[in-house]
Amino acid sequence: MSTALAQLTDVSVTFNAIEILKNIHLTIQSGEQWAIVGKSGSGKTTLAQALAGSAFHNGTIAFHLPNHTHANRILLIEQQHHFKNRSNTSDFYYQQRYNSSDSEDAITVQEVLQPFLNGKPGTNWIEQLHLTHVLAEPLIQLSNGENKRLQLAKALFLDPAVLIMDNPFVGLDVEGRQSLHRILDSIVASGISIILITPPQDLPNCITHVAVLENGQLVSAGKRSATPQQTTAAVHPLPVEIIQKLKGAGENNHFTTAVKMVDVTIKYGERTILQNINWEVKKGECWSISGPNGAGKSTLLSLVTADNPQAYANELYLFDQRRGSGESIWDIKRRIGFVSPELHLYFDRGTSCFDVIASGLFDTIGLFRQISTAQQEQVQNWITLLQLQNLQRRPLFQLSLGQQRMVLLARALVKNPPLLILDEPTQGLDDEQISYFKTLINQLCKTFNTTLLYVSHYSKDLPDCITKAAFLESGKMTVRAVGNGK
């Protein structure tokens with residue numbers, strides 16, 4: 001008979017008078033590898049934190065670890081990376097990764113990993129996780145997927161007995177996800193037990209058992225083969241009357257070409273990120289942008305959002321006007337709605353969801369002015385459209401990743417911009433949220449003739465309005481038409 005690795009008895013977590021987990025009972029036997037699945041906001045991350053001892057809980061969580069050579073007991077790899085600069089502070093700003101001089105204040109991958117390499121075995125994790133080519137890079141200039149792999153390498157070098165991973169596949173391209181599946185198999189084979197927070201479609205072969213959370217309660221737990229099949233996500237109808245009401249809220253935008261790049265090249269030192277990009281996006285066109293991790297997608301978007309100073313050294317046109325011809329950054333940003341995988345990290349932790357959304361009216365990271373009655377109504381309309389009524393007064397950082405993402409999507413949409421740039425917008429969303437969001441984007445692009453740039457590693461998450469695709473690899477772009485249409 002196998003020995004229990006972990007025993008959870010009547011575990012509950014309450015935060016700010018809100019019950020996140022309720023009476024969880026779960027037994028994990030030695031040799032079992034578990035995944036915890038459930039809708040956005042169901043309590044998955046909170047359970048992971050409780051298991052790792054980083055969230056206060058009622059009830060008991062007892063691990064019974066055998067005596068072995070593992071140096072550490074239980075490690076949690078969180079969804080988001082956290083790091084300090086050379087000044088030992090976390091005072092980064094969003095555009096800093098694109099400013100080569102300012103980014104030098106961030107330590108490099110080599111410096112992060114060096115303490116683990118001095119006389120310690122297992123350095124092959126760097127090669128297995130495809131980090132060799134970024135060892136000299138500042139952390140702030142890593143792509144989302146590269147940061148994910150770095151956090152995993154750090155954890156593996158610490159030699160845990162139990163490794164808890166919160167959505168490790170988020171932000172990884174197809175090859176990255178396949179590679180991580182193989183790495184997880186290797187981790188389990190090395191004697192480390194794993195517990196994954198992940199969508200059901202990303203379960204690696206090594207997972208033997210699945211626990212399903214719903215509204216903070218454990219509704220199912222057992223062998224993977226016995227896990228209930230997912231039902232098709234219900235698509236809630238859009239409140240069309242609100243969309244029509246908002247149709248007149250946007251300003252008149254007279255332009256023919258949203259984006260035009262002529263032989264655009266971006267370099268940082270000896271590293272070329274984008275090479276001779278020629279690209280034109282007409283008003284009302286809907287594009288997907290894809291490519292492997294580190295291909296230059298975020299850098300490409302940073303030129304459009306006016307966050308990258310190298311735009312001035314290139315021939316770049318936004319809304320029919322060449323960059324550097326007298327327009328301000330704010331002239332550009334007022335016409336763009338934008339969301340990225342890491343944008344929420346730069347908001348003050350106490351900022352309410354309402355204020356985060358309202359800040360999109362002014363393109364600021366936080367709300368620093370009073371808003372008018374008309375603007376309050378505008379914010380409320382978008383809160384209703386994104387189904388965030390019950391969350392609007394809560395601090396952004398008290399929400400799940402999926403809920404945070406919906407808030408940031410509302411922020412991007414709140415001023416009804418003529419250009420919408422969505423970088424991995426469905427990260428952390430459950431299937432129901434993704435279906436609703438795709439329907440909403442289709443309707444908005446149709447109603448408002450919105451120009452759309454949409455980045456995703458999952459083709460199934462692309463809205464049907466997309467008719468053109470740009471693919472980046474090794475800094476070069478190829479474009480093609482796709483079969484969908486508004």
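Q: Where is R335 placed?
A: In this predicted model, R335 is in the loop between α9 (329-333) and β15 (336-339).

Q: Buried or exposed? I mean R335.
A: Buried: R335 has a relative accessible area of 14%, and the cut-off for buried is under 20%.

Q: What does the charged end of R335 sit over?
A: The ring of F319, with a distance of 4.6 Å to the ring centre.

Q: And which residues does R335 touch, skipping those up to four places away in sequence?
A: N253, H254, F255, F319, K415, P417, P418 and L419.

Q: K415 is on that list. How many residues apart along the chain are R335 and K415, and what separates their C-alpha atoms?
A: They are 80 residues apart along the chain, and 8.4 Å lies between the C-alpha atoms.

Q: F255 and F319 both turn up there. What kind of aromatic pair do they form?
A: An edge-to-face one, with 5.0 Å centre to centre and 80° between the planes. F255 belongs to the loop between α7 and β10 (257-268), while F319 belongs to the loop between β13 (315-318) and β14 (321-322), so the pair ties together parts 64 residues apart in sequence.

Q: Are F255 and F319 buried or exposed?
A: Both are buried.

Q: Which residue has its charged end over the ring of F255?
A: K283, at 5.0 Å from the ring centre. To put the two charges side by side, K283 sits over F255 and R335 over F319.

Q: How many aromatic pairs does a search of the whole structure find?
A: Two. Besides F255 and F319, there are W279 and W287, whose ring centres are 5.6 Å apart with the planes at 85°, so that pair is edge-to-face as well. Both of these tryptophans are buried.

Q: Switching to strands. Which way do β10 and β11 run, and how many bridges join them?
A: They run antiparallel, and eight bridges join β10 to β11 (residues 271-282).

Q: What do β10 and β11 form, and which residue in the turn has a positive phi?
A: A hairpin with two residues between the strands; G269 in the turn has a positive phi of about 65°.

Q: How many bridges does β10 have to β13?
A: Four, and these strands also run antiparallel. M261 has L316 in β13 as its bridge partner.

Q: Now the packing. How many residues are in the largest nonpolar core, and which have the most contacts inside it?
A: It has 48 residues, and those with the most contacts inside it are V379, L385, L386, L388, L422 and L452.

Q: Which elements each supply at least two residues of this core?
A: α7 (240-247), α10 (353-359), α11 (373-385), α12 (401-413), β16 (419-423), α13 (431-448) and β17 (451-455). The most comes from α13, which gives eight residues.

Q: What is L452 in contact with, leaving aside neighbours within four places in sequence?
A: E285, C286, W287, L420, L422, I441, C445, P463, C465 and I466.

Q: How many residues are in the second, separate core?
A: That core has 40 residues, including L135, F157, L172 and I183.

Q: Is C465 buried or exposed?
A: Buried, with a relative accessible area of 2%. C206 counts as buried too, at 11% relative accessibility.

Q: How many residues of helix α8 are buried?
A: Seven of the eight in α8 (residues 297-304), so mostly covered. The buried ones are K297, T299, L300, L301, S302, L303 and V304.

Q: What follows α8?
A: A306, which has a positive phi, near 65°.

Q: Last, the whole chain. How many helices and strands, and what percentage is buried?
A: The chain has 13 helices and 19 strands. Of its 486 residues, 55% are buried. Among contacts with a separation of 6 or more, 68% are between residues 24 or more positions apart.

Methods:
Residues numbered from 1 in each chain as written. Predicted model: local features only at pLDDT ≥ 70, side-chain atom pairs only at ≥ 80, totals over all residues. Heavy atoms only, no water. Core = buried A, V, L, I, M, F, W, Y, C linked by side-chain atoms within 4.5 Å. Buried < 20%, exposed > 50% of the residue type's maximum accessible area, 1.4 Å probe, protein only. Contact = heavy atoms within 4.5 Å. Phe/Tyr/Trp six-rings, centres within 6.5 Å; stacked < 30°, edge-to-face > 60°. Lys NZ or Arg CZ within 6 Å of the ring centre and 35° of its normal. Pairing = 2+ DSSP bridges.
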